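Biologist: Could you walk me through this one, starting with how you describe helix packing?

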Amino acid sequence: MRRKVAFLMEEIRDKVHTACGPTVSCADIMALATHDVVVASGGKPYHVPLGRLDSFEPAPLRFVEELPPRTFSVDQLITAFRSRSLDEKDLVVLSGAHTIGKARCATFSDRFPNSDSDDFVRKLQDNCTADVNRRQDLDVTTPEEFDNKYYINLKQGKGVLTSDVQLLLNETTREYVNDFADNEWWFWNQFGSSMSKMGMLQGPQGNVGRIRQQCY
């Protein structure tokens with residue numbers, strides 16, 4: 001899947017740069033492509049901040065390791081998001097991107113030791129036992145639609161990743177889960193706001209970089 005995304009990004013960059021010259025960064029292409037995937041999957045359009053430059057070199061490993069892993073507790077997730085000027089609402093609504101997409105069994109196998117007390121986790125484990133290469137839908141209800149079913153699934157005990165389930169264990173994040181489950185329009189509107197907010201974030205040196213001639 002990563003290879004397919006890389007090829008698609010490079011194909012888009014080649015067409016844009018052939019038509020317009022090297023005027024659009026890979027970072028902007030990725031942001032616009034993400035927006036279009038959301039809309040094509042049934043979500044609503046949102047403002048995409050543009051003008052970001054590409055880094056001069058790949059991010060240092062220490063920066064990559066700062067990305068919150070799927071096994072984080074809710075308190076760790078909140079701390080990680082706050083360190084990037086994102087609050088609990090941003091955490092919950094951006095997690096809602098899991099309404100589309102898939103995950104390999106290894107990404108949620110940490111939940112299997114508790115399968116005896118959870119029918120849904122037991123089903124996940126049984127599916128993975130039957131096919132270790134299985135790619136599990138993160139939204140088990142409408143996996144190809146950008147809607148609020150992710151939150152409804154969470155309330156029904158059908159979250160796939162540990163980081164998904166953790167959103168129910170904090171009063172503030174749980175309230176947002178309930179609110180987005182009850183109001184799809186608010187989820188769509190807030191998702192756009194949080195994506196725009198995240199798109200405005202910059203590194204410690206600001207928007208410094210270049211427009212790459214090759215994305216991958």
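Modeller: Axes here are lines fitted to C-alpha atoms, for helices over the stretch in contact, and the angles run from 0 to 180 degrees between N-to-C directions. Bear in mind that this is a predicted model.

Biologist: OK, so at what angle do the axes of H9 and H10 cross?

Modeller: They cross at roughly 115°, and the axes come within 5 Å. Because angles of 65 to 115 count as roughly perpendicular, H9 is described as roughly perpendicular to H10.

Biologist: And which residues of H9 meet H10?

Modeller: Tyr176, Asp179, Phe180 and Asp182 of H9 meet Glu184, Trp186, Phe187 and Gln190 of H10. Sorted by class, this contact has four nonpolar, one polar and three charged residues.

Biologist: What is Tyr151 in contact with, leaving aside its neighbours within four places in sequence?

Modeller: Tyr151 is then in contact with Val92, Val93, Gly96, Val177, Phe180, Ala181 and Phe187.

Biologist: Now Arg13: is it buried or exposed?

Modeller: Arg13, which lies in helix H1 (residues 2-20), is buried, because its relative accessible area is 8% and buried means under 20%.

Biologist: Which backbone oxygen does its side chain reach?

Modeller: The side chain of Arg13 reaches that of Gln213, at 3.1 Å. Not counting residues up to four places away in sequence, Arg13 touches Cys26, Ile29, Arg212, Gln213, Gln214 and Cys215.

Technical notes
Residues are numbered from 1 along each chain as its sequence is written. This is a predicted model: local features need pLDDT of at least 70, side-chain atom pairs count only at pLDDT 80 or more; totals for chains, interfaces and linings use all residues. Side-chain values use heavy atoms; hydrogens and water are left out. Contact means heavy atoms within 4.5 Å. Helices (H or I, at least four residues) and strands (E, at least two) are DSSP runs, numbered from the N terminus. Angles under 35 degrees count as roughly parallel, over 145 as roughly antiparallel, 65 to 115 as roughly perpendicular and the rest as oblique. Ala, Val, Leu, Ile, Met, Phe, Trp, Tyr, Cys and Pro count as nonpolar, Asp, Glu, Lys and Arg as charged, and the others, Gly among them, as polar. Buried means under 20% relative accessible area, exposed over 50%, partly exposed in between (1.4 Å probe, protein chains only). A polar contact is a pair of N or O atoms within 3.5 Å; within protein, one must be able to donate a hydrogen and the other to accept it, and residues adjacent in sequence count only if both atoms are side-chain atoms.
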